Every structure is written in structure tokens, then in C-alpha cells.
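Below is a short briefing on one protein model, written for a reader who has the sequence and the 3D view at hand. Please look at the structure first, then work through the points by topic.

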Amino acid sequence: MIGYLEGKILHRQGERIMILAGGVGYEVLLPSVVSASMTKGPGDETGLYIYFHQTEKQPKPVLIGFNSLEEREFFERFISVEAIGPIKAVSALCIPIGEIAAAIENKDSGALRKLKGIGARTADKIIATLRGKMAVFAGEHAGGPVGPAPVEENFHLLVLDVLVNQLGHKAAEAKELINQAIKRNPAISSPEELFDEVYRGETG
């Protein structure tokens, strides 16, 4: 597992960079916001925190680079949202993470839809999954109409709010979707699970 990589930049093109470290050239993928902040080029020394991605479906290792541990931690939380894999997240992170975190905490679906590859439904899932968990990343962008973090006991209210105010369901319809989801899976214990079960019922 590679967590940090330091060495000389051999090649850089677009959002890909090759770093020579210990006699080995490592190709690293950079999110747009990281690439835009990097002023170094071939011949310069650099160091990047690395997210190492390799699965059965993606057997070829992919290294994704970040300027800081904070950026990497944000990325790891961002890809916890269903339907957002590491490669999609790399494309989506085209503005500072503080702005994305603030948009999540402020339930600003419109701002999230401006991220590359993020549509209305995915933006709503991002908010439903991560709101209340991203304030630490908002920094100077915090201060908007951020409400209190939803307590677990009231997670159904969060999902109800998303269904009514962001997805356009009528309140009665949204309540019925939630009730049906809970009937199908009484063990639901989080807004993420409830949201997924509601969608599963709509598409099932």
C-alpha cells in the first residue's frame, strides 16, 4: 500500500503526473483541483499523499494524489456515497473541497450539480449521505444556513426533506415511500440505508 510518494517529476500532462521515486516511475492521477494548485513541472521535486485504488473489478492499481491528508480524507468520505467511485470522484473534484463541503452542509444541490459528472439524483444522495459530516472541511466557506446535524433517531425526517424539497415528491407520497421502505427492511438504522431502500423500491 502506498500512502505517500516523494520524488522527481518525470512527466506531467493534464491531470496525470509521473514521479520518479527509488528508481521507479509512478503514474499518479490528480483531481482537477489538485492539478490546478500544482505549479511544479518536470525536474522538480514533489510529494503527494496517495489514495491507492485496486479491486477485483479494477485489478490495475490506480494512484490518486493529494496535497494534504485533509484532501485525501475528504476524498475517502466523498467516495463513500453510492454511485461515486474513485475515478468519478477525481473528475468531480474540480473546485476546492471547502466549497464542496459547504455546499453539502448547506444542502445546496445546485452547487453540487456543477461538479463534473454529478447530476441531480447523485447530488441529492451526496447530501443525504454526507450532510452533518463535512463541516470540518468547510473552513472559511462555512457560515451558511447550516442546520444541526441530523440525529440518528430522526433520520427519516432528513430523507423526507430530501424527497419533498429536492426531488419534488408530495409529502404524502414521500411518507408512503419511507413507510414502504421501512416495512421492506425494518433493520434500517441510518439515512443512507433508508435512502437506498427508497430508491430500491422505486426501481424494483
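**The largest pocket and its surroundings**

The lining of the largest pocket is made up of Arg16, Glu27, Val28, Leu29, Lys60, Pro61, Val62, Leu63 and Ile87. The elements that give two or more residues to this lining are S3 and strand S5 (62-66). The model is a predicted one.

**Pocket**

- The largest pocket holds about 200 Å³ of space.
- Strand S3 gives the most to the lining of the largest pocket, with three residues.
- Two of the lining residues, Arg16 and Glu27, also form a salt bridge with each other.

- Strand S1 covers residues 4-13 and runs antiparallel to S2, with five bridges joining the two.
- S1 and S2 form a hairpin with two residues between them. Gly14, in the turn of this hairpin, has a positive phi of about 60°.
- Strand S3 covers residues 24-29 and runs antiparallel to S2, with six bridges joining the two.
- S2 and S3 also form a hairpin, again with two residues between the strands. In this turn Gly22 has a positive phi of about 60°.
- Which residue in S2 is the bridge partner of Arg12? The partner is Ile17.
- Ile17 also stands opposite Val28 in S3. Val28 is one of the residues that line the largest pocket.

**The two faces of S2**

- In a regular strand the side chains alternate between the two faces of the sheet.
- Strand S2 covers residues 16-21, and its covered face consists of Ile17, Ile19 and Ala21.
- The uncovered face of S2 consists of Arg16, Met18 and Leu20.

**His11**

- His11 is located in strand S1.
- Is His11 buried, partly exposed or exposed? His11 counts as partly exposed, because its relative accessibility is 44%.
- Leaving aside neighbours within four places in sequence, His11 is in contact with Arg16, Ile17 and Met18.
- His11 and Pro42 are 31 residues apart in sequence, while their C-alpha atoms are 5.5 Å apart in space.

**Salt bridges**

- The structure holds seven salt bridges.
- In the salt bridge between Glu27 and Arg16, the closest N and O atoms are 3.3 Å apart. This pair links distant parts of the chain, with Glu27 in strand S3 and Arg16 in strand S2, eleven residues apart.
- Glu27 has a relative accessibility of 43% and therefore counts as partly exposed. Arg16 also has a relative accessibility of 43%, so Arg16 counts as partly exposed.
- Glu73 forms a salt bridge with Arg77, and the closest N and O atoms are 2.9 Å apart. Both residues lie in helix H2 (residues 69-78), four residues apart, which is about one turn of the helix.
- Glu73 counts as partly exposed at 36% relative accessibility, and Arg77 is partly exposed with a relative accessible area of 28%.
- Lys133 forms a salt bridge with Glu192, the closest N and O atoms being 2.8 Å apart. The pair links distant parts of the chain, 59 residues apart: Lys133 is in the loop between helix H6 (120-130) and helix H7 (135-138), and Glu192 is in helix H10 (residues 191-203).
- Lys133 counts as partly exposed at 41% relative accessibility, whereas Glu192 counts as buried at 17%.
- Glu82, Lys125 and Asp196 are linked in a network of salt bridges.

**Aromatic rings**

- A search of the whole structure finds six aromatic pairs.
- Why is the pair of Phe74 and Phe78 stacked? The ring centres of Phe74 and Phe78 are 5.8 Å apart and the planes are at 15°, so the pair counts as stacked; the cut-off for stacking is planes under 30 degrees apart.
- Phe74 and Phe78 both lie in helix H2, four residues apart, about one turn of the helix.
- Phe74 is buried, with a relative accessible area of 0%, and Phe78 is buried, with a relative accessible area of 0%.
- One aromatic cluster is formed by Tyr51, Phe66 and Phe75.

Note on methods: Residues are numbered from 1 along each chain as its sequence is written. This is a predicted model: local features need pLDDT of at least 70, side-chain atom pairs count only at pLDDT 80 or more; totals for chains, interfaces and linings use all residues. Side-chain values use heavy atoms; hydrogens and water are left out. Buried means under 20% relative accessible area, exposed over 50%, partly exposed in between (1.4 Å probe, protein chains only). Two strands pair if DSSP finds at least two bridges between them. A salt bridge is a side-chain nitrogen of Lys or Arg within 4 Å of a carboxyl oxygen of Asp or Glu. Contact means heavy atoms within 4.5 Å. Rings of Phe, Tyr and Trp (its six-membered ring) pair if their centres lie within 6.5 Å; planes under 30 degrees apart count as stacked, over 60 as edge-to-face and the rest as tilted. On a 1 Å grid over the protein atoms alone, a cavity is a set of points where a 1.4 Å probe fits but cannot get out, and a pocket is an open set with protein on both sides within 12 Å along at least five of seven lines; lining residues have an atom within 4 Å of a point. Grid points are joined across faces, edges and corners, and a volume is the space filled by probe spheres set on the points.
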